[in-house]
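Hello,

Here is the structure we talked about handing over. Please have a look, then read the notes below.

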Amino acid sequence: MLDSNGSFDNPFFQDKKIIKIDCKWKDQEYSKDAFGFTHAEYVCSFILKENPEAEIVLVPIVRKNKKSTVLDMIEGIETLIEEQVDIINLSMGDEYKYHKEIEEVCRVATEKGILIVAAYSNQKAEATYPASFPFVIGVRCLDMDEPVQVLEYDGKKNDVIFSCRLFFLYHLGIPVLHPGNSLACAVVTGYLSNYKKQYQQAISQFTHNTLNNYYPYQTLKQKQCYFLTNRMEEPLEQRFMREVTRTEQCDTFESGMEKLRNIKTVEQYSVLFIDHNNYQEICKYKEYIREYAMKHPEIEIVLRYPLFNMIERLNFQEKTNRNLNQFTV
């Protein structure tokens, strides 16, 4: 991928594979935002959330001022071609001018079997290159008021279009939403990196799946919920519980996990609602939650935050014919 530089010292990156190919961009300076992350750190994290086994080759062409030249982009793509990568993620592009040289180097990559996934500009622009090239998967977001589906695929333009431009930074320890086509692009790259070449089929598999529908959270008012949370005393959490769900019983997350071992605890409830805002802590329970959901098809599992990635949810559905429900991907 081509992006900025970064330190990658967040716990999320601890066991992940990120190789920097510096070349002429050695010691590229970078700036961190208010949350303490660079652009590349965000993008890498979303790729790795969708595929923790992915190996990322980072060419840091983006400078501290968040800009790079057309020449840098061309040379960066050439470097990744030499590295024989499978996918090139470009959370950048030129929205001002078409450059023949960019099209040519992207065509060379494509002809060598490398998939290019590129973000459209966040500004309103007629085109963004290389995202606008029909042989590149372009990724952009809309801001729909009441979105029903997470994303759609435009076969004519070869574009993946998300219905919302906000994505949770949950996996980085920040349970807030962050906007940007760059993050959407990284989600698509991460998801597709799980597949070997059958990219169109992989996109179709998700877009035509029930997982592509946003969970209808309005229905929670009609269902009896057993609510588990790691912040029971917080007024905002209590308000959420009252206004969004029909909670019949609430427990701390840890004590609730213990109680789940006794089926009688929750058999009278139709929904197990999990609201844990610390990704690193809840990760230890991922397998247990999945196993519990498999053993108890009569109970609907709903997570407020996106603990499971797209592939994990698709695989679970394939095995059980049921969904691990989350408010977002």
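How much space lies in the second largest pocket? About 660 Å³. Keep in mind that the model is predicted.

Second largest pocket. It is lined by 22 residues, and P147, Y214, Y217, F327 and T328 are the closest to its centre. Two elements give two or more residues to this lining: strand 9 (166-168) and helix 6 (235-244). Strand 9 gives the most, with 3 residues. By class, the lining of the second largest pocket has 17 nonpolar, 2 polar and 3 charged residues.

Largest pocket. Its volume is about 1,100 Å³. The lining of the largest pocket counts 37 residues, with H39, K66, S91, M92 and S182 nearest the centre. Helix 1 (39-50), helix 2 (70-82), strand 10 (177-179) and helix 4 (181-192) each give two or more residues to that lining.

Now a helix pair. Helix 9 (residues 286-295) packs with helix 10 (residues 310-320) at an angle of about 25 degrees, and their axes are 11 Å apart. Angles under 35 degrees count as roughly parallel, so helix 9 is roughly parallel to helix 10. The crossing of helix 9 and helix 10 is right-handed.

Which residues meet there? From helix 9 come K286, R290, A293 and M294; from helix 10 come E312, F316, K319 and T320. This contact has 3 nonpolar, 1 polar and 4 charged residues.

Best wishes

Terms used
Residues numbered from 1 in each chain as written. Predicted model: local features only at pLDDT ≥ 70, side-chain atom pairs only at ≥ 80, totals over all residues. Heavy atoms only, no water. 1 Å grid on protein atoms, 1.4 Å probe; cavity = no way out; pocket = protein on both sides within 12 Å on 5 of 7 lines; lining within 4 Å. Points joined across faces, edges and corners; volume = space filled by probe spheres on them. Helix = DSSP H or I, 4+ residues; strand = E, 2+ residues; numbered from the N terminus. Nonpolar A, V, L, I, M, F, W, Y, C, P; charged D, E, K, R; others polar. Axes fitted to C-alpha atoms, helices over the stretch in contact; angles between N-to-C directions. Parallel < 35°, antiparallel > 145°, perpendicular 65-115°, else oblique. Left-handed = near helix turned anticlockwise from the far one by under 90°. Contact = heavy atoms within 4.5 Å.
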